[in-house]
Structures are given as structure tokens and as C-alpha cells.
Amino acid sequence: MKKKPTRPRARRAARPAVRPPALAPPQALWLELMSFYIREAWLLDERKLTEWLALFTDDVLYFMPRRKNVPRRESHRELTPLGDLAILEEDKRYLEMRVARLDTGMAWAEDPPSRTRHLVGNLEVTPLARGEAQARTAFLVYRSHLETDHQLLSGYREDVLRRVNGEWKIARRTIVLDANVLLDKNLSVFL
Amino acid sequence: MGATQKYVVIDPATGKIDRRIFSDQAVYDAEMERIFGRAWLMIGHESLLPARDDFFHTYMGEDPVILTRDGTGRLHALLNMCRHRGNRVVRCDDGNANRFMCTYHGWTYKNDGSLDHVPGKSEAYYDALDRDSLGLVEARVETYAGIVFATWAKDAPGLEAYLGDARWYLDTVFNRRDGGMQALGPMKWLEPVNWKVMVDNCSDNYHVPTSHLSSARVQSKYLGRPRLSHKDQFESPNKHAFVNGHSITFRDADDNVPRYVHGVSSETFQLFQDYHEATMPEVERRLGTLRARRVQLGNHSVFPNGVLGLRLALPRGPRQTEFWHFVLVDRDAPEAIKRVIRVGSQANNGAAGMFEQDDVDNWRQVTAASASRHARRYPQDLSMGLGHAGPHPEYPGLVSERYISENNQRLFYQRWEEFMNAESWADIPLDPIKARFDGTATMRG
């Protein structure tokens, strides 16, 4: 291996230290989770769904409430609570079934598969007790299917994350779409 | 196709249907008049507006309708259109209010539909406005076991006659318990399909082992649900019955097991079996032994646009339908049962449901094939089981010999013709109620 010419250590030590300031813990957590969500987006868009499933804890609740038109003063009723009919109310096993279904080659809604692009941002992180964290993100997901079907899904996600064997996992995901009547023919892609 | 057009779209001898009825604008416009303007339409459920002054916003065809419960508890189906210029007076999905104010000029209606307040009644209208004639337009409302129906037709028969002997089957789910049912939902989404394609699919069990095999296979593996194959379907003792315009399929087996509703798995089976047995004396009292123990309603459609229970195919043009998905559960069922049905239902049905998401591309391509220049010349073939249906000694309606059949679909299009060719309700045939309704259950619940 070629050795790169380096400046003598002594000279460098003699100068005042110019290094990036150390990250405060909240910033470090923010960066860690932002890269987590960027990685998740690539896994979904590249259809690596078994790896995507591994981002969830075994006791995950993957929940998408309905969103109603209610007066502004009754905003507390806008999202349907857990216990009412949801668009998605899934545990890990149901998520696994959804992924396993795609591998049968006969899940016609996604065979041929959709082309998706998940853009995830506006991350806000709140540390919780017991080392858990809450993370809110906004998303725009573009879906193109078959010849000309396409849809832009907009919304936000509110996750509770937990460290399992040193890795962040999603223990609860609430997905809120910015829609009342969904305009897509079906909801066969993951958000 | 004009107003005097006679619609002949199915050849009953061959089962060929003219596929242009799935995309033609003139046919669609006539359907809105002659079917959605006349039939009793499912619009909601009493449990969606339990308290006085509650309302639930719904549709009759494309017409927006406010289903209200007035201060005395009475239900009203009111066209959501201010009588002045036509703005909507309600923009919310549901709520509680005793007055509805139009946001354009402030005309205000009571929740029984009467016009209560007009700004400038003296100053601008010189007290000459006939407020009594300008209430919200009201449809006729009747209920069956908590399900709310409405019709615009003054000459329509009552709901009991409209449902006829179909209720004999519908009772086995919707009229099972003393406490009635509770509706959750709806989830709403737009599908690029003609409404009739969804409705006709209610009796199409032939598609299930092909369209839905991926879901059935993983649910069999992960949940221990029954396997699904063509062989099982072809050998099934279940039946098709076309009853007074309504499409019914039902399970016909004297094995005292609960219906395989969504959510039943090897883990939850005992929960459902226990519930089935615990409630059997009540169900037998309500429905009689034959219906309580032997007959279990399966997929079905109440004419014109009910899709498997209280799920609605709301037309939005010839090639678009807004689908409303509700889940109905027995109100007095244990919470554990309600939860399993709710979760199982969202996993299978609805926009994201594993089963339902695989239907839509089939339906939309069937719809699209009715529009392109060459494809539309070729009729659909609905010949399956021709000549293999008839009256049954025990069961009402025209019953097919086999479960996998296109008998109901053919008869659905013949019923469609009857509505489309009738000048008034006097021309629409109704079968007399002949079934024996054993037990105490009535239209009211």
C-alpha cells in the first residue's frame, strides 16, 4: 500500500485544533434516525421487503386511522381512534403475510409491481423514557403502476422506536394520510 | 340510447351480455334515473347516528344526502342541497347538530329538513318567500334490522316487499342477535371501475381461487385458515340463490360451526365456536332451527349497489365508483370477537385489504374493455351453469345446483333490464313473500 505523504504530527499539534464541534446528544439521535429513515425509504423503493420487515419489533402495531371531515372546533374527532375501523391495523404477523404474499407470484395488485419513490423528511425526534424515542416524519410517496396509473400519497408518520440488540426498531407506527376519500385504486404499497 | 330505448343487454339463452353497458355515458345517465332514482338504496346504519340530532353524511347514487335523527328520534334522508342556489348545507362526514346553515347566504334548515331561517325574509323578500315549500328535499326512509334504506320513488313498494324473501337469508347475519349490529366505518376510496362490475362480482366465487390465491395461501400458512382450491369450490355444498332481485350465496351445512368470517384462525376458532354455541338458543328463538343452524349467508348483494353487507358501490360516472367499506359486528358480542373481526376485515377487505386489493385491476380492465373500439363489439360470456338452477323445496328464490355458477349474475342483468325498461314501479315485478320466517326476528330487528 502506498503511503500518502503526511504532515509531521508535531506541526499539526502545534496549530489550534480546528475540528467540527462534537454533536450534542439530541443532534446525534436526529442524525441517527434520519439515516434510519433514509435507509428504510431505499429498502421500500428497492423492494427489499424482508429487510424492511426486520426494522419492526415483534410486537409492532402498524396503524393507519381514517381521517374524517369534521368542523375545526371538533378537530379531536378528525382521526378515528384505535378500536374503530382503520385502514390498517396490523401486527407483525399480518405484515409478514403481506410480504410473503408478494413472493407467491400471484399477488396481482403488485405483480407486475408498483414503481415507488418514498421521500421522507421533516423529522422531529423526542426522546422517551426507557431509551425509546418518538419520531415524526412527513412523507410524499409517488406510486406508478402498470401503464399510466399513478398517485401521490402525502401524509405523516409517528413512530415509537426502541433499541433491540443495539439497533433501532419501530415498535409502533401511526400513518396519517392527507386524504378523506383515497384517490388511489388500492393501497398495495407500504408507507 | 334515448329515453324510449328498450334495453336488451343479456341473452338469457346464451348468457351473452353487451359489454357497452359498462362504459356508455347514456346508459349510465339512464341508470341514475331508472335504477338509482327508484330503488331502495342502502345509505347507512342506525348505529352511526345513535343520539338525537346526530347526522351521518351519505349518498344516494351521486346525490349527497344527510341522514339525520331529529329531536324526536325520527330518521330523515335529506338531499344536501340548499333550495336557494344549491350549495351543500353540510360539509362534514358526521356530527351532532339541530340546524344546518348554508354557507352561501345563510339559509338555515332544521334537521327534519324544514327551512327555519332566511336572512332578509322581510327586508329582501317582502315576506313573499314560501318557506314551507323550500325545505330540504326528503327521501323516503325505512330500516331493516338497523340498516337504513332510502328511495326517491313515491310509488315504490315498502322496504319489506322490496327485500322480499331475500331477507330470509339476510336475517342469518344481520338479524341474528336481540341487540342488533353495530357499524364501523366507512373507509372510502375511488376505483376506476363501473359500479356493476363490483356488484356482479358478489356472486362470483369462481374468481376466488385465482384472484385471491396468494392471500388464501399465506393465510392458510400463517393463520390456519382453510385452504382454497378450485376443487373445494366446485365440490362445495354452498349455493347461489337469486331472490326478488337480490343476489345471495349461502353456506348450507348442518355442522354447527360458525361462519368463516374474517379473523377466524386456528387460534381464534375456539373463541368463535364458543360464541356460536353460547348464542345459539337466542338465534334459534329469533330465526328458527333451519336458519339458525344450517343456513349461513355468504357473499351477496342487495340490488342495486350493496356489496357484501353494508358496503356500497357509489357510482361516480360510467368508469368510476366510490367504494365505501363498513364492518358490521354484533353489538353484544364480546370485545375480543369484535376486535378479531375488525382486524381480520381490514386485513382482507378495504383499500389495503389483501383480498380486495387484488380485485381492482381485474375490474378496471373489464370496465376498460367495454370502451375501446374493437373490444366492445364482443359480448361477455356468462354461460356458466345455464339451465342448472330452479326452485328449491326448502330455500327461497332461484337456487343453483352448484356453488360455482353464473346464475345470479345473469339474473342480476335481467333485473337491471326490468328497472331500465320500466316506465314506473308498476312495471317492475316483485316476487310475493312466500318463505316461512320462523322465529321472532322482524324487519325492525
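Colleague: Leaving aside neighbours within four places in sequence, which residues is B:Ile43 in contact with?

Modeller: Those residues are B:Thr58, B:Met60, B:Val65, B:Leu67, B:Ala77, B:Val148, B:Phe149 and B:Ala150. Two residues are in contact if their C-beta atoms, placed from the backbone, lie within 7 Å. Please note that this is a predicted model, in which local features need pLDDT of at least 70 and side-chain atom pairs count only at pLDDT 80 or more, while totals for chains, interfaces and linings use all residues. Residues are numbered from 1 along each chain as its sequence is written, and chains are lettered from A and ligands numbered from 1 in the order in which they are written.

Colleague: Which residues have the most contacts inside the largest nonpolar core?

Modeller: They are B:Ile43, B:Val65, B:Phe149, B:Ala150 and B:Tyr169, in a core of 135 residues. A nonpolar core is a set of buried Ala, Val, Leu, Ile, Met, Phe, Trp, Tyr and Cys residues joined through C-beta atoms within 7 Å. Buried means that 20 or more other C-beta atoms lie within 10 Å of the residue's own; exposed means 12 or fewer, and partly exposed is in between, with C-beta atoms placed from the backbone.

Colleague: How many residues does each domain of chain B bring to their contact?

Modeller: Domain 1 of chain B brings 8 residues and domain 2 of chain B brings 10. On the domain 1 side, strand β3 (residues 41-45) of chain B gives the largest share, 3 residues. Helices (H or I, at least four residues) and strands (E, at least two) are DSSP runs, numbered from the N terminus.

Colleague: Changing topic, how many residues of chain A and chain B make up their contact?

Modeller: The contact takes 34 residues from chain A and 35 from chain B. β13 (181-191), α6 (213-223), β18 (321-330), α9 (335-348) and α10 (360-368) of chain B each supply at least two residues of the chain B side.

Colleague: Is β13(B) largely enclosed or open?

Modeller: It is largely enclosed by the rest of the structure, since 9 of its 11 residues are buried. β13(B) runs antiparallel to β18(B), and 9 bridges join them. Within β18(B), B:Phe323 is the bridge partner of B:Trp189.

Colleague: And what covers the buried residues of α4(A)?

Modeller: The cover includes α3 (49-53), β1 (56-64) and β2 (88-90) of chain A, together with α6 and α9 of chain B. The buried residues of helix α4 (residues 92-102) of chain A are A:Tyr94, A:Leu95, A:Met97, A:Arg98 and A:Arg101. Their arc around the axis is only 155°, which puts them on the same side of α4(A); the arc is that of the directions from the helix axis to the C-beta atoms.

Colleague: What is the strand order in the open sheet of 5 strands?

Modeller: The order is β16-β15-β14-β21-β20 (chain B), with antiparallel pairing. Two strands pair if DSSP finds at least two bridges between them. The edge strands, β16 (295-301) and β20 (389-390) of chain B, each pair on one side only. Strands β14 (residues 239-243) and β15 (residues 246-252) of chain B are joined by 5 bridges, and B:Phe242 has B:Ser247 in β15(B) as its bridge partner.

Colleague: Finally, is B:His230 buried or partly exposed?

Modeller: B:His230 is partly exposed, because 13 other C-beta atoms lie within 10 Å. This residue lies in helix α7 (residues 230-235) of chain B.
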